[in-house]
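Biologist: Could you give me a close look at the ligand sites, and at any pockets and cavities you have examined? I'd be glad of the cut-offs along the way.

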Amino acid sequence: MSVLITGVAGFIGSHLAERLVDSGASVVGTDGFTTYYDPTLKRGNLEGLERSERFRLVEGNLRDLELSELLAGVDVVYHLAGQPGVRRSWGREFEVYLNENLLATQLVLEAVRGTDVRRFVFASSSSVYGDAERLPTRESDTPRPVSPYGVTKLAGEHLCHLYFSRFDVPTVALRYFTVFGPRQRPDMAFTRFIQAAMEDREIEVFGDGLQSRDFTYVDDAVSATIAAAEKGRPGEAYNIAGGAQATVLEVIELLGELLGLGVPVRHLPPVPGDARHTGADVEKARGDLGYAPRTGLKEGMSKQIAALKSLRAEAES
Ligand code: NAD
Ligand code: UGA
């Protein structure tokens, strides 16, 4: 089995690559080391992988690479590269979101068209739903993004569907719901909260903190992603969520318990682009992919805390 992972140096991509290499697959990974966050962290994510003979890194932005060369002999494409983050996608930054999420996706789909690739798995997002018309949200509910980022992910899904219906590219879109765990991006809530608590700083909460998320542990997201390549129905989109619904304030309370510390909070104004609540119905993924999330909030957060502590210890030694 030979696979191509785009965005391999990122949070989810690096975990996916490790799981696939461990299972015996040959993995070609590409990454452009974009500057959304410190590329040194992305290099660090690849440390284990670079020791494996079954892993090869091709550096470069998808918009510059010779994609058909990368696709030679590839069975599955996992397209995870993208500009993430709902809150930064306004203003002039939107151009970056268009480039990395839409133009790059179209180029990869074009390159896959007419090849023997068995599945093209696209990293979509719960942000396509915006303030969803109902909770738990089903895939058939009307997507109505509340961030420009969500608009690009929804457009990416439409492109995937178009290449499926017109050219039989076997695309499967996964709507990941707020993923957490070791290596989580530095702009995301859990990383920011844990770092603030460890550095004795106040935790910054956007708005009243009563907004909630259906948090998903990264290993569960990886299992779903691999299952989507094996069993996902071409042309379909699936919710991938952890079932660990919590408000931001509940997350902070749990963090305090796990660290055995009081964690002071400072409220900032709400940020445009944030949905109020997310919550998924994962029946479709359960039925088609055999998806069953295994790691809850407490266990997953403990693992993320341990990983951040060991990174700090390494940096200090
Ligand atoms: P990440 O930023 O850690 O990883 C994305 C990687 O893609 C980065 O290493 C970046 O350098 C690379 N990249 C971006 N544009 C590129 C391009 N044009 N060419 C080559 N490389 C490029 O993000 P993540 O949290 O691991 O998310 C992975 C994917 O899943 C993204 O598409 C994101 O939008 C989506 N997603 C993430 C979450 C989440 O909670 N983390 C939830 C829903 C969807
Ligand atoms: C996350 C990812 O960043 C997106 O890339 C992804 O597409 C999206 O999940 C998704 O599920 O589709 P988000 O839910 O905003 O977006 O994840 P976090 O950054 O972890 O934020 C979670 C909550 O914490 C949000 O309500 C946010 O407002 C809040 N938050 C975040 C704070 O109150 N303070 C912070 O410092 C950071």
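Modeller: Happy to; I'll take the ligands in turn and then the spaces.

This is a predicted model, in which local features need pLDDT of at least 70, side-chain atom pairs count only at pLDDT 80 or more, and totals for chains, interfaces and linings use all residues, while side-chain values use heavy atoms, with hydrogens and water left out. Residues are numbered from 1 along each chain as its sequence is written, with chains lettered from A and ligands numbered from 1 in the order in which they are written.

Let's start with ligand 1. Around ligand 1 there are 30 residues, and Ile12, Asp31, Tyr37, Tyr149 and Val179 come nearest; a residue counts as near when one of its heavy atoms lies within 4 Å of the molecule. By class, this shell holds 15 nonpolar, 10 polar and five charged residues, where Ala, Val, Leu, Ile, Met, Phe, Trp, Tyr, Cys and Pro are nonpolar, Asp, Glu, Lys and Arg are charged, and the others, Gly among them, are polar. Helix H1 (11-22), helix H4 (94-112), strand S5 (119-125) and helix H5 (148-167) each supply at least two shell residues, and S5 has the largest share, three residues. These elements are DSSP runs numbered from the N terminus: helices are H or I with at least four residues, strands are E with at least two.

Now the polar contacts, meaning pairs of N or O atoms within 3.5 Å. The side chain of Asp31 places an N or O atom 2.6 Å from an oxygen atom of ligand 1, and Glu100 has a polar side-chain atom 2.9 Å from a nitrogen atom of the ligand. The backbone takes part too, with a polar atom of Gly10 at 3.4 Å from a ligand oxygen. Taken alone, ligand 1 exposes 820 Å², of which the protein buries 98%; areas come from the Shrake-Rupley method with a 1.4 Å probe.

On to ligand 2. Arg87 brings a polar side-chain atom to 2.7 Å from an oxygen atom of ligand 2, while polar backbone atoms of Gly85 and Tyr176 each lie 3.3 Å from an oxygen atom of the ligand. Alone, ligand 2 exposes 700 Å², and the protein buries 96% of that.

H10 gives the most, seven residues. One cavity of 30 Å³ or more turns up in the whole structure, and its lining includes Ser126, Phe177 and His277. That lining has four nonpolar, six polar and no charged residues.

How values were computed: On a 1 Å grid over the protein atoms alone, a cavity is a set of points where a 1.4 Å probe fits but cannot get out, and a pocket is an open set with protein on both sides within 12 Å along at least five of seven lines; lining residues have an atom within 4 Å of a point. Grid points are joined across faces, edges and corners, and a volume is the space filled by probe spheres set on the points. A polar contact is a pair of N or O atoms within 3.5 Å; within protein, one must be able to donate a hydrogen and the other to accept it, and residues adjacent in sequence count only if both atoms are side-chain atoms.
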